[in-house]
Amino acid sequence: MDTKREIIGIRFDDVTMEEALGRCGERIARKAAGYVVTPNAEMVYAAKHDPALAALLNGAALVVPDGIGVIYASRILGRPLRARVPGVELGEKLAALCAEKGYRLYLLGAKPGVAEAAAEKLCAKYPGLAVAGTHDGYFQDAAPVLDALRAARPDVVFVCTGFPKQERFMKEALEALPPVLMLGLGGSLDIYAENLKRAPVFFRKAGLEWLYRLAQEPRRIGRMAKLPLFLGLAVWERFRRKAA
């Protein structure tokens, strides 16, 4: 059954969190190479104006809606997605699955030392978790990182270098590494390392996690400004479709 919903040029998988986790687990179990992307409104807006970025997102094995703006747009367009699937939460559930199944996890991204701190926190939280290695996200040449990944032979890699660097890296790594599942998770390592706090449940349920994040990182205001522009695109597309 086709579970895809096209939202402003990006084909999202209409899945719940548990379904997304199940798909990831199934791919790991059968050693099916692929990468997972978690687009928010800002990423979809950028991809609308850059076909290469759209191709990177649509080329993923799984495309889940990270931001509440994507959910709102899906409703405006009459193609409602059932659930928001935050990347940070999917990553943590996958870390728990790795601990349960004995899969090897590699953490890539953030400033020097953050991946190591995240590994320590995740291992303490999920006993038995095997971290195959860590690497910061401050690299220009991907070759040494790919060499490190080949040597570590992980089953899962969290790539947290931000959009679109992480998507470009995952696409390149897909062809250069043995079968592995990679997830592009943006700033999640800082949350796993407890350098940043995730929004309280009230903010998440109210669709206001973006507001809590903005309070923590005011420099994100320019990025948040893309949300009304993105929703405007959805309204315009709905209007144009009705007028046709």
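Biologist: What share of the 244 residues in the protein chain is buried?
Modeller: Keep in mind that this is a predicted model. Buried here means under 20% relative accessible area. Of the 244 residues in the protein chain, the buried ones make up 49%.

Biologist: And how many helices and strands does the chain have?
Modeller: Contacts first: of those with a separation of 6 or more, 75% link residues 24 or more positions apart. As for the elements themselves, the protein chain has 13 helices and 8 strands.

Biologist: Which residues have the most contacts inside the largest nonpolar core?
Modeller: That core has 42 residues. Apart from it lies another core, of 38 residues, including Val 64 and Leu 129. In the largest core, the residues with the most contacts are Phe 169 and Phe 230.

Biologist: Is Phe 169 buried or exposed?
Modeller: Not counting residues up to four places away in sequence, Phe 169 touches Leu 108, Phe 139, Ala 142, Val 145, Leu 146, Leu 149 and Val 159. Its relative accessibility is 3%. The cut-off for buried is under 20%, so Phe 169 counts as buried.

Biologist: What kind of aromatic pair do Phe 139 and Phe 169 form?
Modeller: A search of the whole structure finds 3 aromatic pairs. In this one, the ring centres are 5.7 Å apart and the planes stand at 65°. An angle over 60 degrees puts a pair in one particular class, so Phe 139 and Phe 169 are edge-to-face.

Biologist: How many residues apart in sequence are the parts that this pair of Phe 139 and Phe 169 ties together?
Modeller: Phe 139 lies in the loop between β6 and α7, while Phe 169 is in helix α8. Phe 139 is buried too, with a relative accessible area of 10%. The parts tied together by the pair are apart in sequence by 30 residues.

Biologist: What about Phe 158 and Tyr 192: which kind of pair is that?
Modeller: Phe 158 sits in strand β7 and Tyr 192 in helix α9, so the pair ties together parts that are 34 residues apart in sequence. Both Phe 158 and Tyr 192 are buried. With 6.2 Å from centre to centre and 45° between the planes, the pair is tilted.

Biologist: Which residue has its charged end over the ring of Phe 139?
Modeller: Phe 139 has that ring in the loop between β6 and α7. The charged end sits 4.2 Å from the ring centre, and it belongs to Lys 165.

Biologist: Which peptide bond is cis?
Modeller: Most peptide bonds are trans. Here, though, there is a bond with omega near 0°. Its proline lies in the loop between β7 and α8, and the cis bond runs from Phe 163 to Pro 164.

Biologist: What is phi of Lys 31 near?
Modeller: Lys 31 is found in the loop between α1 and β3, and at 57% relative accessibility it counts as exposed. Most residues other than glycine have a negative phi. Phi of Lys 31 is positive, near 55°.

Key:
Residues are numbered from 1 along each chain as its sequence is written. This is a predicted model: local features need pLDDT of at least 70, side-chain atom pairs count only at pLDDT 80 or more; totals for chains, interfaces and linings use all residues. Side-chain values use heavy atoms; hydrogens and water are left out. A nonpolar core is a set of buried Ala, Val, Leu, Ile, Met, Phe, Trp, Tyr and Cys residues joined through side-chain atoms within 4.5 Å. Buried means under 20% relative accessible area, exposed over 50%, partly exposed in between (1.4 Å probe, protein chains only). Contact means heavy atoms within 4.5 Å. Helices (H or I, at least four residues) and strands (E, at least two) are DSSP runs, numbered from the N terminus. Rings of Phe, Tyr and Trp (its six-membered ring) pair if their centres lie within 6.5 Å; planes under 30 degrees apart count as stacked, over 60 as edge-to-face and the rest as tilted. A charge sits over a ring if NZ of Lys or CZ of Arg is within 6 Å of the ring centre and within 35 degrees of the ring normal.
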